[in-house]
Structures are given as C-alpha cells and as structure tokens.
Amino acid sequence: MNPWIFPVLAIVAIALALWVPRFRLNRALSAPFPDDWVEILERDIGVYKNLPMPLRLQLRQLIKQFLHQKHFSGAQGLEVTNEMRVIIAAQACMLQLNRGGRLYPRLKYIILYPSAFVVSRPEIDGSGVVSHGQKGLLGESWQNGKVILAWDNVLNGARNFVDGSNVVLHEFAHQLDSETGSANGAPLLAGESSYRSWAATLSSEFEDLQQEARIGKRSLLDHYGATNPAEFFAVATETFFEKPGHMAQHHQELFDVLKDYYRIDPRQWQ
C-alpha cells in the first residue's frame with residue numbers, strides 16, 4: 001500500500017471540513033432574502049423602516065448568516081416559527097451593523113420560552129447563609145453558547161423600539177461582552193487607549209447609576225444596570241439603541257463611547 005495514501009486522505013478530509021461550511025454559508029448568503037421575511041421586519045421591527053437602505057441591506061445579510069449558523073428551539077411546548085427566528089435575528093444583528101468580524105462566534109443555541117421562565121438561584125443573606133430561591137426571568141445569556149428568551153417580551157420589545165427596554169439587545173450585549181472570556185462590562189475593543197477611555201467613562205457612569213439607584217432617583221438608564229458592570233453595559237446598550245437622543249443629551253460621554261464601539265448612530269433612525 002502506498003505510504004502516502006493516509007496523509008493525503010487526511011489532508012483532503014481537513015480541506016473538506018474547512019471548505020464545506022464556508023460553501024454552505026456562501027450559498028445561504030447569496031440566496032434572495034425572502035419576501036415574507038421583509039414583511040416580518042416591516043411589521044414587527046419598529047425601527048426597520050427608518051433604517052437607510054444600505055443598513056437595511058446589510059441587516060438582511062446578517063440575518064441570513066445568523067439564521068444559517070444558529071439553532072433555535074422552543075421550551076414548554078412552544079413551537080418556533082420563522083417569524084420568531086427572524087424577529088430575534090434582526091434585533092441581535094443590529095448590534096453587529098458596520099462592525100464586521102465574526103457573528104457571535106460562541107453562540108450556538110437560542111432557546112425560547114412562551115413567557116417569563118423560572119430559575120433557581122443561590123442567594124446569600126447578611127450572615128453568609130446560602131439558600132436557593134426561585135426567580136422569574138425574561139432572558140439569560142450563557143457563556144457556553146446559549147441565549148434564553150421569553151417570546152412574548154421579545155415581540156413587545158421589537159415592536160416598541162423607543163422605550164429603552166429590549167431583552168434581545170440586552171442579552172446579546174452580554175454575548176458581545178463575554179467574547180473576551182468573561183462578562184465584565186468590557187467587550188473586545190480596538191486597543192489599549194480604547195480600553196482606558198471605556199473604563200473611565202463606564203466606571204463613572206456606573207457609579208452615578210448606583211448612587212441614583214440607592215436614593216431612588218429616576219434615571220434614563222434602568223436601575224438594573226447598577227447591579228454590576230456587565231449589567232450596566234447591557235442596559236446602556238438598550239438605551240443607546242432605543243433612546244439615543246436622550247442618551248446623547250444627558251450622557252454625552254457614554255453615548256460617544258458606545259457610538260465608537262457599535263460604529264453607528266441610532267439617532268439617525270428616530
């Protein structure tokens with residue numbers, strides 16, 4: 001037997017393993033964007049019709065890629081439909097407009113519940129005693145490649161894109177945050193100077209929000225963002241996309257940092 005046959009076969013197998021996924025993705029991206037998907041976007045994504053055409057076309061390509069690469073499943077008997085998949089993909093991909101690079105490379109699965117779902121979480125009281133309490137959630141982002149969402153809240157958030165509350169934007173901001181290996185409120189940035197500017201601005205804004213939450217003062221950003229830096233980044237992302245004018249007026253430095261990171265100005269959509 002030719003001693004070269006096994007190395008050659010191994011090289012061919014590796015080449016195919018690398019080529020086939022790329023071929024399938026290119027085929028998905030080159031396919032026409034379905035008309036019924038356009039109808040879903042125009043009906044259910046409150047901001048879609050305000051996007052300039054270049055961004056609409058870019059968003060459509062990202063949606064095709066997202067739906068090709070990510071797997072959806074329903075929980076508690078929920079049957080996942082194309083409408084659900086497109087609505088979630090559209091909002092998740094808004095965070096990727098103009099940014100290039102890989103599309104949520106760690107994310108593999110999106111799990112949908114019909115509505116808020118209950119999870120068990122350890123809780124520590126003042127004396128250090130650990131107990132397990134139950135908590136209702138609208139969404140969760142896991143670092144093992146999963147995002148979990150409550151569908152009824154997803155749909156409400158998609159249609160009302162001006163109230164500053166959007167569970168998809170929130171949880172997918174966590175996905176961006178965790179691309180560094182840990183969710184700590186500092187996603188992958190361009191370089192050392194970007195990290196310095198990011199840390200200075202977000203730390204100051206985070207401390208201000210914590211103070212406002214402590215005294216019960218109303219604020220543009222949801223007080224849930226005062227929980228920790230990761231939640232602050234996610235809440236700030238919701239506000240940036242849904243209330244950009246107010247953020248630019250009242251939190252100019254925070255708005256500018258997020259505008260540089262997301263490479264987009266949502267004020268143009270309002």
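Student: Are Trp198 and Phe233 buried or exposed?

Tutor: Burial is judged by relative accessible area: under 20% is buried, over 50% is exposed, and anything in between is partly exposed (1.4 Å probe, protein chains only). By this criterion Trp198 is buried, as is Phe233. This is a predicted model, in which local features need pLDDT of at least 70 and side-chain atom pairs count only at pLDDT 80 or more, while totals for chains, interfaces and linings use all residues. Residues are numbered from 1 along each chain as its sequence is written, and side-chain values use heavy atoms, with hydrogens and water left out.

Student: How many aromatic pairs does the whole structure hold, and what is the arrangement of Trp198 and Phe233?

Tutor: A pair of aromatic rings is described by the distance of the centres and the angle of the planes. Rings of Phe, Tyr and Trp (its six-membered ring) pair if their centres lie within 6.5 Å; planes under 30 degrees apart are stacked, over 60 edge-to-face, and the rest tilted. The search of the whole structure finds 16 aromatic pairs. For Trp198 and Phe233 the ring centres are 5.5 Å apart and the planes stand at 65°, so the pair is edge-to-face. Because Trp198 lies in helix α7 and Phe233 in helix α8, the pair ties together parts that are 35 residues apart in sequence. Helices here are DSSP runs (H or I, at least four residues), numbered from the N terminus.

Student: What is the geometry of the pair Phe206 and Phe232?

Tutor: The centres of these two rings, Phe206 and Phe232, are 5.9 Å apart with the planes at 65°, so this pair is edge-to-face. Phe206 in helix α7 and Phe232 in helix α8 are 26 residues apart, so the pair links distant parts of the chain. Phe206 counts as buried at 12% relative accessibility, and Phe232 is buried with a relative accessible area of 1%.

Student: Which residues form the aromatic cluster, and which charged end sits over the ring of Tyr261?

Tutor: Trp198, Phe233, Phe240, Phe241, Phe255, Tyr261, Tyr262 and Trp269 form one aromatic cluster. A charge sits over a ring if NZ of Lys or CZ of Arg is within 6 Å of the ring centre and within 35 degrees of the ring normal. The charged end of Arg99 sits over the ring of Tyr261, 4.4 Å from its centre. Arg56 is placed over the ring of Tyr48, with its charged end 5.3 Å from the centre.

Student: Where does Leu221 lie, and which residues does Leu221 contact?

Tutor: A contact requires heavy atoms within 4.5 Å. Leu221 lies in the loop between α7 (192-215) and α8 (229-242), and counts as buried at 3% relative accessibility. Leaving aside neighbours within four places in sequence, Leu221 is in contact with Leu209, Phe232, Val235, Ala236, Thr239, Met247, His251 and Leu254.

Student: What is the nearest side chain of opposite charge to Glu238?

Tutor: Lys and Arg count as positive and Asp and Glu as negative; His and the chain ends are not counted. A salt bridge is a side-chain nitrogen of Lys or Arg within 4 Å of a carboxyl oxygen of Asp or Glu. Glu238, in helix α8, is buried yet has no salt bridge; Lys243, the nearest side chain of opposite charge, is 10 Å away. A polar contact is a pair of N or O atoms within 3.5 Å; within protein, one must be able to donate a hydrogen and the other to accept it, and residues adjacent in sequence count only if both atoms are side-chain atoms. The side chains of Glu238 and His170 are joined by a polar contact of 2.7 Å. His170 is among the buried residues of α6, a helix (residues 167-177) in which eleven of eleven residues are buried.

Student: How many salt bridges does the structure hold?

Tutor: There are five salt bridges. One of them joins the side chains of Glu83 and Arg43 (3.2 Å, N to O). This pair links distant parts of the chain, Glu83 in helix α4 (residues 82-94) and Arg43 in helix α2 (residues 35-44), 40 residues apart. Arg196 forms a salt bridge with Glu192, with the closest N and O atoms 3.0 Å apart. Both residues, Arg196 and Glu192, lie in helix α7, four residues apart, about one turn of the helix. An α-helix has 3.6 residues a turn, so residues three or four places apart point the same way. Arg196 is exposed, and Glu192 is exposed also.

Methods:
Helices (H or I, at least four residues) and strands (E, at least two) are DSSP runs, numbered from the N terminus.
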